[in-house]
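Here's a quick briefing to read with the structure open next to you. Have a look at the fold first, then work through the notes below.

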Amino acid sequence: MENKRIVISGVYPEIDCGLFPVKRVPGEKVKVQADIFAHGHDEIAAALLYRHQAENSWRAVPMRYIANDSWAAEFTVEHAGIFIYTLEGWVDHFSTWRKDLRKKWETAQAGQTDFQIGAAMVKAAAGRADGDNGKLSLLARKLEELSQGGIPAAVELALSPELFDLMKLYPDRSVFTRYEKELKVVVDIPLANFSAWYEIFPRSCDGGGVHGTFAGCEAIIPEIARMGFDIVYLPPVHPIGIKARKGKNNSPQAAQGEPGSPWAIGSPEGGHKTVNPALGGMEAFEHFVKKARQAGLEVAMDLAFQCSPDHPYVKEHPEWFKWRPDGTVQFAENPPKKYEDIIPFDFETPSWKELWDELKGIALFWMDKGIRVFRVDNPHTKPFAFWQWLISEIMKISPDVIFLSEAFTRPKPMHTLAKLGFTQSYTYFTWRNSKTELTDYFTELTATEASEYFRPNLWANTPDILPEYLQFGGRAAFVIRLVLAATLSSNYGIYGPAFELFENSALPGREEYLDSEKYEIKKWDRGKPDSLADLIAHINRIRRENPALHKTSNLRFYDCDNDSVIFYGKLAGDNAILVAASLDPFRVQSARLRVPVYELGIERGRQYLVHDLLGGDKLIWTGEFNTVELDPRTMPARIFRVHARMRREADFDYFM
């Protein structure tokens, strides 16, 4: 039992009672708030304590009182790794004495004893001080002397800012409470917070319908870099199983020469630590990674923990799989869907420790080959405890690794995966099309506790998913979804040529591509005149040049009078971005926007400049309400850079 006077509760951020960490990148702040109070009428003080996990001593930041027993402070994380923070509160006896003295003086009750009590506190602080101990001792003596000859002068000294500031430096913490939990911040590399992903199938790189190689893939690296992407993501590059291989359009049987699904991993040629020989083998892969990095691109590998029936693991470690009564291995299925070409690991096997170690070894193997980004396939179908262990183990070795969770599943499993370690997460953006759907969903992700741990990565399409909106909306639908993905979140991705060439042919009644690249080699016409490649490059340039678009949590939605138009913005210092996007790919839409002039620091009635970064126009707006027109035949969206302070006189070229 402890005799604690200070209560510390309602700490924010504290994810699931401190079970999980919050996420940041270097240079970001951790803003902490808590309810801190004590019984009685004494004044209290509080501090936010923090340190890097490798440090032994705490750094303290004084907390400021807000209202209603709520206190706040913040600290900045300087580099990647794990930071720890907690709180302390203590009775501030000197501030209590000072407050009471003021009241006594105002009611003519102050006496010499009061000053003796205060002088004793100052003497005690001198004993705790370093370089200021002489000054504090002098002030203590002076306080006692003045109280004997002139109480008004003693009151003036007792209430002086100089004495108050010195006493704050050396507080009496004899009656204090330390918060019982030490909370964590995982600090990832900057790429975790701001990235643009481009997915390609290496086997389709060479064109002409022949099986591509990494050597052929290197030829398109400059174009991917020109479009402004940060990460080139590859589906599994391992040997593909032969038994139960899927054919064109997911046919249960492959015809002669059909390549099969890359996610059916493993054949007699090797498994998860092997590169498909048809792609050029390991040496070609390593050369591709090197060339990509030279062009400023990281290579993301697909971490798919599953096997084909031909995977060497099936013979070498049959205990890692489920076997049916007829002696056959259990393939993957989600009735009525069947995936005969894939068999899952049995994570309930008695040999689970050996299985976990082997899967960890797969990640470490590819890290040795230069990989620092993993897109993890269907993590929600494996134990949460496994992912928490694996990611923790990897981050101990190399804290610069990024894990993207590809989990299109129920909200709670998705959020749990983010909490336990995944750096970024797929989202429901793919199916959020209306203004209400988008506003509600992204308010949930950015204006609630989720913003502390869930980094949304918005994918406009994937090899598995061709949304109905893209199937029927034509080129304008692709432009709209591109602008939304690239500006709502600081992390977004597209499935390569299929998106920039606005491929929208789907299987009847399905959200799946007709003639999907998952099951065949594609010949893409990258030189198509109306390709979106230039627009993608322009939007990625806008993203890079505007710090407001480097974060997701600063997203705010604003009013406009048309439900077919969404209006939102992001602020970062003096960089202010407003986005107005039509959600209608067929008709011209106009809207009266309510610009957040007060948030932007624009005085009422004052003119300000807005620069349409997509179209190039510069406009002078006045006040809150301004109108835009969005035409799907030309440009169904606007990205405005707001200049709250317009230049004067000789700056005519600024407006041209």
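Which residues of helix α5 (residues 161–169) are buried? They are L163, L166 and M167, where buried means under 20% relative accessible area, exposed over 50% and partly exposed in between (1.4 Å probe, protein chains only). These three cover an arc of only 100° around the axis, which puts them on the same side of α5; the arc is that of the directions from the helix axis to the C-beta atoms. Turn to the face of α5 pointing away from that buried side, and you'll find the exposed residues P161 and L169.

Before going further, keep in mind that this is a predicted model: local features need pLDDT of at least 70, side-chain atom pairs count only at pLDDT 80 or more, and totals for chains, interfaces and linings use all residues. Residues are numbered from 1 along each chain as its sequence is written, and side-chain values use heavy atoms, with hydrogens and water left out.

**The chain overall**

- The protein chain holds 16 helices and 30 strands; helices (H or I, at least four residues) and strands (E, at least two) are DSSP runs, numbered from the N terminus.
- Its C-alpha trace spans about 105 × 70 × 45 Å along the principal axes.
- Of the 656 residues in the protein chain, 55% are buried.
- Take the contacts (heavy atoms within 4.5 Å) between residues at least 6 apart in sequence: 75% of them join residues at least 24 apart.
- The protein chain exposes about 28900 Å², with carbon and sulfur atoms supplying 50% of that; the areas come from the Shrake-Rupley method with a 1.4 Å probe, and for residues only the protein chains shown count as cover.
- On the charge side, there are 78 positive and 88 negative side chains, and the centres of the two sets lie 1 Å apart. Lys and Arg count as positive and Asp and Glu as negative, leaving out His and the chain ends, and each charge is placed at NZ of Lys, CZ of Arg, CG of Asp or CD of Glu.

**The eight-strand sheet**

- Eight strands make an open sheet with parallel pairing, in the order β20-β19-β18-β13-β12-β11-β22-β21; two strands pair if DSSP finds at least two bridges between them.
- β20 (424–425) and β21 (457–459) each have a single partner strand, so one side of each is left without a neighbour in the sheet.
- β21 pairs with β22 (residues 491–495) in the parallel sense over three bridges, and W459 stands opposite G493 in β22.

**L234, a residue of β12**

- L234 lies in strand β12 (residues 231–234) and is buried, with a relative accessible area of 1%.
- Leaving aside neighbours within four places in sequence, L234 touches I200, P202, F214, F285, F288, V299, A300, M301 and D302.
- L234 and F374 are 140 residues apart in sequence, yet 9.6 Å apart in space, C-alpha to C-alpha.

**The antiparallel strands**

- Six strands form another open sheet, ordered β23-β24-β25-β30-β27-β28, and here the pairing is antiparallel. Its edge strands are β23 (556–557) and β28 (618–622), each pairing on one side only.
- Inside that sheet, β24 (residues 565–572) and β25 (residues 575–582) run antiparallel and are joined by eight bridges; V565 has S582 as its bridge partner in β25.
- Elsewhere, β4 (residues 44–52) and β5 (residues 59–62) run antiparallel with four bridges between them. A hairpin of six residues joins β4 to β5, and A47 stands opposite P62 in β5.
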